Amino acid sequence: MLAIHLTQFGEPERSLKVVDVPEPSAPGAGQALIQVEYAPLDHHDLLLARGVYPVRPELPSVIGNEGAGTVLAVGPGVTRTRPGDTVLLPFGTFAWSERVLAEAAKLTAVDRSISLEQAAMLTINPTTAGLLLESRDLPAGSWVVQNAANSGVGRSVIAFAKERGLRTINIVRREEFVTELEELGADIVLTGSPDVAVRVRAAIGNDPVPLGLDGVSGKATSLLLDVLTERALLMIYGYMSGEPFTPDPNVLKAKNITTTEFWMYQDEYLPRHPDLAAESARLVAAGKLTLPSAPVYKAKDFTEALAYMEKNGKVLLDFNPHRGSRRHEPPLAAHHRGRAP
């Protein structure tokens, strides 16, 4: 069967190979055999391939940090999961293979009304959004400010915040995203500019803004710091700008702002993953959350998929050998998927 192996830590073009490997054995006690349907290829997968991600499997190894599949068979003692279920692959089960064995107790079953493409993207960005909002115990009505608001995490923050009665201030780079995010339930959407804090104050008055979410870093961080109020918490979860997190220490000190770098696979967060993934699935099924679409490539065309992803952003790898070929989106469609905030 087809799989994608990481053969060495380094540049993905040389280290990731499409290989033929034996099929997994029949599921043992507590296990499920899963046909992987779709698995994303995203920036964090390339960080793992380059060896800079905290997860470092023994090589050669299948990788792929998230995905969705269909249960083919279950082993002795498995009662909660049944053949035919659509499931999200759990942390620790790498997805880039036609079939995988997983611990059944860690699987999250999702409603079949959810497309397999949407299901494949539920375990990282939406779960990240839920964990970020839980980083501080906020009463209903509280304001949260974020950049990268048009990204998968940003859209998920908007949906999770509405479920929790929180209000969002969303900073984007382009005017075209303002109406789109407002239609998704964002309370305030503003294009980033030096006067963003003035515009926020004009909209919310003297209300405090106790939580900020930074997915961009670099110069974009300063806009969040301008909006945040005294004793706020700033969570840094991404570096889309490619620039380091270098906030003005005088601003941090003057407002007594705490900053924390976030990684969703810290031990303290792992117990929340299944519940947040399940909540994400319910939000998608209810039409309250729609993740940015991504072009689809057959897994055998991984080299082409990788080249497209490095220029344009996330793609989905199709690992079901029985499904017909899919054409990918043209490059000009990339910005509509929310790659850039």
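**Pockets, cavity and sheet**

Reply: The second largest pocket holds about 250 Å³ of space. A pocket is an open set of points on a 1 Å grid over the protein atoms alone, with protein on both sides within 12 Å along at least five of seven lines. The volume is the space filled by probe spheres set on the points, which are joined across faces, edges and corners.

Me: What does the lining look like by class?

Reply: Nine nonpolar, five polar and one charged. Ala, Val, Leu, Ile, Met, Phe, Trp, Tyr, Cys and Pro count as nonpolar, Asp, Glu, Lys and Arg as charged, and the others, Gly among them, as polar. Helix α10 (273-285) gives the largest share of that lining, three residues. Helices (H or I, at least four residues) and strands (E, at least two) are DSSP runs, numbered from the N terminus.

Me: Before we go on, what is the source?

Reply: This is a predicted model: local features need pLDDT of at least 70, side-chain atom pairs count only at pLDDT 80 or more, and totals for chains, interfaces and linings use all residues. Residues are numbered from 1 along each chain as its sequence is written, and side-chain values use heavy atoms, with hydrogens and water left out.

Me: How many cavities of 30 Å³ or more?

Reply: One. The largest cavity has about 40 Å³ of space. In a cavity a 1.4 Å probe fits but cannot get out.

Me: What lines the largest cavity?

Reply: R155, A159, L184, K288, L289 and T290. That makes three nonpolar, one polar and two charged residues.

Me: Switching to strands. What is the order in the six-strand open sheet?

Reply: β11-β10-β9-β12-β13-β14, with parallel pairing. Strands pair if DSSP finds at least two bridges between them. β11 (188-191) and β14 (258-261) are the edge strands, each pairing on one side only. The twist averages 20° from one strand to the next.

Me: How many bridges join β10 to β11?

Reply: Four. N170 stands opposite V189 in β11. Helix α6 (176-183) packs on the sheet, touching β10 and β11, and its direction makes about 170° with that of β11. Contact means heavy atoms within 4.5 Å. Axes are lines fitted to C-alpha atoms, for helices over the stretch in contact, and angles run from 0 to 180 degrees between N-to-C directions.

Me: And β3 with β5, parallel or antiparallel?

Reply: Antiparallel, with six bridges. Y38 has A68 in β5 as its bridge partner.

Conventions
On a 1 Å grid over the protein atoms alone, a cavity is a set of points where a 1.4 Å probe fits but cannot get out, and a pocket is an open set with protein on both sides within 12 Å along at least five of seven lines; lining residues have an atom within 4 Å of a point.
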